[in-house]
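Welcome! Take a look at the structure first, and then read on.

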Amino acid sequence: MAQTSLLQGKRFYCREWVFHKIQHCLQEKTNNLSGVTSPPSRQPPLGSTKSGSSWGVLLVGGPGSGKTAVCTELLWPTSGQGTHRGLHQQSLAFHFCRADDSDTLCIGGFIRGLVAQICRSGLVPGYEEKVRDLAVQSTLQPEECERNPSEAFKRCVLLPLLSVKPPQQSLFLLVDSIDEGCQLGEGDQRSSPGSPRTIAELLASHHEFLPPWLLLICSARRQNKAITKLFTGKQSSSSHE
């Protein structure tokens, strides 16, 4: 099951500019779906990365700067303004990584959690039927998913999403604290040689293949240059909370 936020239900204050930027990214994707053109932004929002038609958002900041609070408010708004904004309605799936909970760092569990959420969401008609295929289900089995996460992610998430009719508005996939567990992955021998060992490596190697209507939103500590480089191709990012 997907890990939820420990901050859910707590009052959120300030940082409205973050949500405006995310809303702008989602609107750009929705415009692209409908063929509407909009003036380009002068600066990429929130350390955005672009590969082909896919945009991603990387929220960075120091420990305790409020990254998880922002992600929590995005999914479960506590303010009237947040509810009115309605961004939570565009959430396809989410995952909160925690260093003190190894289950949240499990790459196989992450993939299976995404599949379960997408099926439950009802936002992508036709997806559930495609993942019911026996070949897809065998790839999704815990042992197989851990052994070859790239294949599982491709067959259970990417290909089904790419083969269904695009939704009328863009959606987002959120992963909080994506840098957690990177050190654990260095010694993980369960996966096949060359396979991603962490959730960060999995998403970094596949985010450019996400459907053009899906925005990937991740958060990480600003000082984690390895993570920043994975998603932006740069040594560090100037975006912060």
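A residue counts as buried when its relative accessible area is under 20%, and as exposed when that area is over 50%, with partly exposed in between. This is a predicted model. By the burial rule, both Phe-94 and Phe-96 are buried.

**Aromatic rings**

- Rings of Phe, Tyr and Trp pair if their centres lie within 6.5 Å, and the count comes to 3 aromatic pairs.
- Trp-76 and Phe-96 are stacked, because their ring planes are at 25° and their centres 6.1 Å apart.
- This pair links distant parts of the chain, 20 residues apart: Trp-76 sits in the loop between helix H2 (67-75) and helix H3 (80-85), and Phe-96 in strand E3 (residues 91-96).
- Phe-96 has a relative accessible area of 2%, so Phe-96 is buried, whereas Trp-76, at 22%, counts as partly exposed.
- Phe-96 also pairs with Phe-94, edge-to-face, with 65° between the planes and 6.1 Å from centre to centre.
- Together, Trp-76, Phe-94 and Phe-96 make up one aromatic cluster.

**Helix packing**

- Helix H8 (residues 149-163) packs with helix H10 (residues 199-206) at an angle of about 60°, and their axes are 11 Å apart.
- That angle makes H8 oblique to H10.
- H8 and H10 have a right-handed crossing.
- On the H8 side, Pro-149, Ser-150, Phe-153 and Leu-158 meet Leu-202, Leu-203 and His-206 of H10.
- The residues of this contact between H8 and H10 are 5 nonpolar and 2 polar, with no charged ones.

Definitions and conventions:
Residues are numbered from 1 along each chain as its sequence is written. This is a predicted model: local features need pLDDT of at least 70, side-chain atom pairs count only at pLDDT 80 or more; totals for chains, interfaces and linings use all residues. Side-chain values use heavy atoms; hydrogens and water are left out. Rings of Phe, Tyr and Trp (its six-membered ring) pair if their centres lie within 6.5 Å; planes under 30 degrees apart count as stacked, over 60 as edge-to-face and the rest as tilted. Helices (H or I, at least four residues) and strands (E, at least two) are DSSP runs, numbered from the N terminus. Buried means under 20% relative accessible area, exposed over 50%, partly exposed in between (1.4 Å probe, protein chains only). Axes are lines fitted to C-alpha atoms, for helices over the stretch in contact, and angles run from 0 to 180 degrees between N-to-C directions. Angles under 35 degrees count as roughly parallel, over 145 as roughly antiparallel, 65 to 115 as roughly perpendicular and the rest as oblique. A crossing is left-handed if the near helix is turned anticlockwise from the far one by less than a right angle, and right-handed if clockwise. Contact means heavy atoms within 4.5 Å. Ala, Val, Leu, Ile, Met, Phe, Trp, Tyr, Cys and Pro count as nonpolar, Asp, Glu, Lys and Arg as charged, and the others, Gly among them, as polar.
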